[in-house]
Amino acid sequence: MANKKFFAIGCLGVILLGVLVVVLFVTGTYNSLVGLDQKAQAQWGQVENTYQRRADLIPNLVETVKGAAAFEKDTFTAVTEARSKVGQVQVSAKDLNPGTFAKFQEAQDGLSSALSRLLVVMEKYPDLKATANFKELQAQLEGTENRITVERMRFNETAQAFNTRRMRFPAVLIAGFFGDRFKEKPYFKAQAGAETAPKVKF
């Protein structure tokens with residue numbers, strides 16, 4: 001009788017230990033996914049900050065250039081419209097779905113193209129390039145563009161860390177159990193046509 005009692009207690013202890021191990025494993029996996037998700041969200045905030053800085057510099061840059069190149073209206077309109085489109089695309093760090101993310105990147109790439117055209121226009125005006133105000137704005141814009149590249153790279157790294165952890169077995173089962181809470185993160189990609197070297201004509 002005593003042996004049966006000890007056996008039952010032993011079985012119950014093994015079952016409870018097994019349940020405890022599973023609970024600890026699930027908790028640990030969930031917590032690691034939360035940590036990586038929060039890191040990706042924080043890095044997304046840095047990406048948005050650098051893009052916002054660029055958007056804030058553009059009106060001053062356009063006004064400075066307008067004074068010296070008043071007849072380049074098409075270029076100014078293109079920059080203003082591209083900046084407006086960027087402001088219309090809202091992306092939440094908690095919901096980085098591929099569709100919205102692609103629209104965000106497309107809008108930002110459009111603004112980059114418009115800014116490139118504006119910089120080409122500015123090359124025609126040596127007096128403009130010599131002004132202190134323009135030099136300062138150009139330096140700030142170049143620094144911001146470099147910062148955007150760095151922050152996008154860092155976001156891709158945090159997204160990769162999250163996606164790798166999320167897709168590993170058995171974490172993928174736990175992530176799937178929580179539905180949209182741990183969706184796969186999208187990546188920034190090069191602008192369309194970036195793989196083609198520019199043609200230089202003399």
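Predicted model: local features only at pLDDT ≥ 70, side-chain atom pairs only at ≥ 80, totals over all residues.

Residues are numbered from 1 along each chain as its sequence is written, and side-chain values use heavy atoms, with hydrogens and water left out.

The structure holds 13 aromatic pairs (ring centres of Phe, Tyr or Trp, the last by its six-membered ring, within 6.5 Å; planes under 30 degrees apart are stacked, over 60 edge-to-face, the rest tilted). One of them is the tilted pair of Phe101 and Phe188, with 4.8 Å from centre to centre and 55 degrees between the planes. This pair links distant parts of the chain, since Phe101 belongs to helix H3 (residues 98-123) and Phe188 to the segment after H6, 87 residues apart. Phe188 is buried at a relative accessible area of 7% (buried is under 20%, exposed over 50%, partly exposed in between, with a 1.4 Å probe and protein chains only). Phe155 and Phe188 are edge-to-face, because their planes stand at 75 degrees, with centres 5.7 Å apart. Ring pairs join Trp44, Tyr51, Phe101, Phe104, Phe155 and Phe188 into a cluster.

Asp37, in helix H1 (residues 2-68), is buried with a relative accessible area of 2%. Beyond its neighbours within four places in sequence, Asp37 is in contact (heavy atoms within 4.5 Å) with Phe162, Arg181 and Lys185.

Finally, a cis peptide bond joins Phe169 and Pro170, with omega about 0 degrees, whereas most peptide bonds are trans.

Technical notes: Helix = DSSP H or I, 4+ residues; strand = E, 2+ residues; numbered from the N terminus.
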